[in-house]
Amino acid sequence: MNFNESIERFKENMEFVRNMSSNTIGAYLSDLRHFECFLSNHDVDYTEVKRRDIELFVKEYSQGKYSKKRPSATTVARNLSTIRSFYTFLYISGIVGKVPTELIKNPKTRRRIPDYISHDEVMEILSSFRETNLGKRNRAIVATMYFCGLRVSEVCKLRLGDLRLGSSPAVRVMSGKGNRDREVPMNDQVLSILRDYLSIRKDFPVDEFEDHVFVGTRGEPMARNVIPKVLNTQVKVVYPDKRIHPHLFRHSFATQLLQKGASIKTVQELLGHANLSTTSIYLHITDREKRAAVQLLSD
């Protein structure tokens with residue numbers, strides 16, 4: 001069995017056995033292509049890989065080989081984790097006799113404190129959208145990311161049946177990251193903005209069988225790579241010097257909930273995090289603000 005055939009079997013295992021999301025599978029496969037470049041460069045058979053080969057790959061990849069730019073320590077650690085998962089699968093499948101990553105430790109990484117923007121800044125951005133069909137759609141996308149804490153991929157996958165607009169309004173996120181479903185209540189602001197968009201959604205050339213909430217100008221489901229472009233074009237209208245990525249609205253959602261007294265457990269459930277430790281990074285922001293507040297009393 002050659003390398004590509006093993007990758008295909010690994011992909012099937014991730015998809016059908018481990019039930020991983022398509023985004024996660026795509027990231028794993030991309031990581032393995034970096035490793036494939038290394039194997040080709042050093043003329044190493046993937047079934048004969050030793051610990052020293054993995055260590056050499058980590059060293060060279062950290063220096064910027066096999067990728068367009070020098071990766072961060074977090075990216076290097078993720079690549080190593082992918083290789084570890086791949087060889088664990090190969091070992092269980094009987095393709096290799098040993099997992100070469102067994103004694104290799106992940107490189108130390110620094111947890112970055114997420115950036116966020118204020119509620120007033122978000123409202124300024126929302127109010128800047130024009131009252132056109134595209135403007136109403138784009139405003140609804142931003143509002144859903146901010147008021148419901150959704151990822152870009154989750155926004156793109158939303159179906160009309162995932163929205164409950166009557167009593168106890170909420171958005172149902174089906175198979176979010178890690179294939180975890182969750183339900184996020186909607187407040188009056190996002191509900192009003194969504195209803196405004198849905199009232200003109202029929203004006204897009206949408207096929208009668210297309211049930212994605214957000215559609216493009218040809219009636220197709222919104223692609224996740226379109227949203228950052230749309231967003232940055234709009235943000236420049238209000239904040240010419242700022243570059244705002246879509247995930248910033250999710251960060252702002254979590255940060256502001258904690259600032260206003262929501263429990264970290266509640267925020268974890270709303271974000272769909274599997275581990276509380278992932279959510280706890282937002283506490284560092286509030287700690288930083290507390291320290292800054294105390295400094296106001298300094299001479």
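Here is a friendly walk through this predicted model in questions and answers.

The model is predicted, so local features need pLDDT of at least 70 and side-chain atom pairs count only at pLDDT 80 or more, while totals for chains, interfaces and linings use all residues. Residues are numbered from 1 along each chain as its sequence is written, and side-chain values use heavy atoms, with hydrogens and water left out.

Q: How many helices and strands does the protein have?
A: Helices here are DSSP runs of H or I with at least four residues, and strands are runs of E with at least two, numbered from the N terminus. Counted that way, the secondary structure comes to 13 helices and three strands.

Q: What does the C-alpha trace of the protein span along its principal axes, and what share of the residues count as buried?
A: The C-alpha trace spans about 65 × 60 × 35 Å. Buried means under 20% relative accessible area, exposed means over 50%, and partly exposed lies in between (1.4 Å probe, protein chains only). Of the 299 residues, the share that counts as buried is 42%.

Q: Among contacts between residues at least 6 apart in sequence, what percentage join residues at least 24 apart?
A: Contact means heavy atoms within 4.5 Å. Among the contacts between residues at least 6 apart, the share joining residues at least 24 apart is 58%.

Q: Which domain does UniProt list for residues 1-91?
A: Over this stretch the chain is 74% helix and 0% strand, and its end C-alpha atoms are 14 Å apart. UniProt positions are given in the numbering used here, feature names are shortened, and annotations may be inferred rather than shown by experiment. The UniProt record, an unreviewed entry, lists residues 1-91 as "domain: Core-binding (CB)".

Q: Which residues of α4 make the contact with α1?
A: The axes of α1 and α4 come within 10 Å and cross at roughly 95 degrees; axes are lines fitted to C-alpha atoms, for helices over the stretch in contact, and angles run from 0 to 180 degrees between N-to-C directions. That makes α1 roughly perpendicular to α4, where under 35 degrees counts as roughly parallel, over 145 as roughly antiparallel, 65 to 115 as roughly perpendicular and the rest as oblique. From α1 come Phe-3, Ser-6, Ile-7, Arg-9, Phe-10 and Asn-13, and they meet α4 at Ser-85, Phe-86, Phe-89 and Leu-90.

Q: By class, which residues does the contact of α1 with α4 have?
A: Ala, Val, Leu, Ile, Met, Phe, Trp, Tyr, Cys and Pro count as nonpolar, Asp, Glu, Lys and Arg as charged, and the others, Gly among them, as polar. The contact of α1 with α4 has six nonpolar, three polar and one charged.

Q: Is Tyr-61 buried or exposed, and which residues is Tyr-61 in contact with?
A: Tyr-61 lies in helix α3 (residues 51-62). At 2% relative accessibility, Tyr-61 counts as buried. Leaving aside neighbours within four places in sequence, Tyr-61 is in contact with His-34, Tyr-66, Ser-67, Pro-71, Thr-75, Val-76 and Asn-79.

Q: Where is Tyr-66, and what is its phi?
A: Tyr-66 is found in the loop between α3 and α4 (73-92). Its relative accessibility is 17%, so Tyr-66 counts as buried. Although Tyr-66 is not a glycine, it has a positive phi of about 70 degrees.

Q: Where is Asn-19, and what is its phi?
A: Asn-19 has its place in the loop between α1 (3-17) and α2 (22-42). With a relative accessible area of 48%, Asn-19 is partly exposed. Asn-19 is not a glycine, yet it has a positive phi of about 55 degrees.

Q: Which residues of α9 meet α5?
A: The axes of α5 (residues 119-128) and α9 (residues 226-238) come within 9 Å and cross at roughly 105 degrees. That makes α5 roughly perpendicular to α9. Glu-124, Ile-125 and Ser-128 of α5 meet α9 at Gln-234, Val-235 and Val-238.

Q: Which residues of α9 meet α6?
A: Helix α6 (residues 133-148) and α9 pack at an angle of about 105 degrees, with axes 11 Å apart. The two are therefore roughly perpendicular to each other. Arg-137, Asn-138, Ile-141, Val-142 and Met-145 of α6 meet α9 at Ile-227, Val-230 and Leu-231.

Q: How many disulfides does a search of the whole structure find?
A: A disulfide is a pair of cysteine sulfur atoms within 2.5 Å. The sulfur of Cys-148 is 15 Å from the closest cysteine sulfur, in Cys-156, which is too far for a bond. Across the whole structure, the number of disulfides found is zero.
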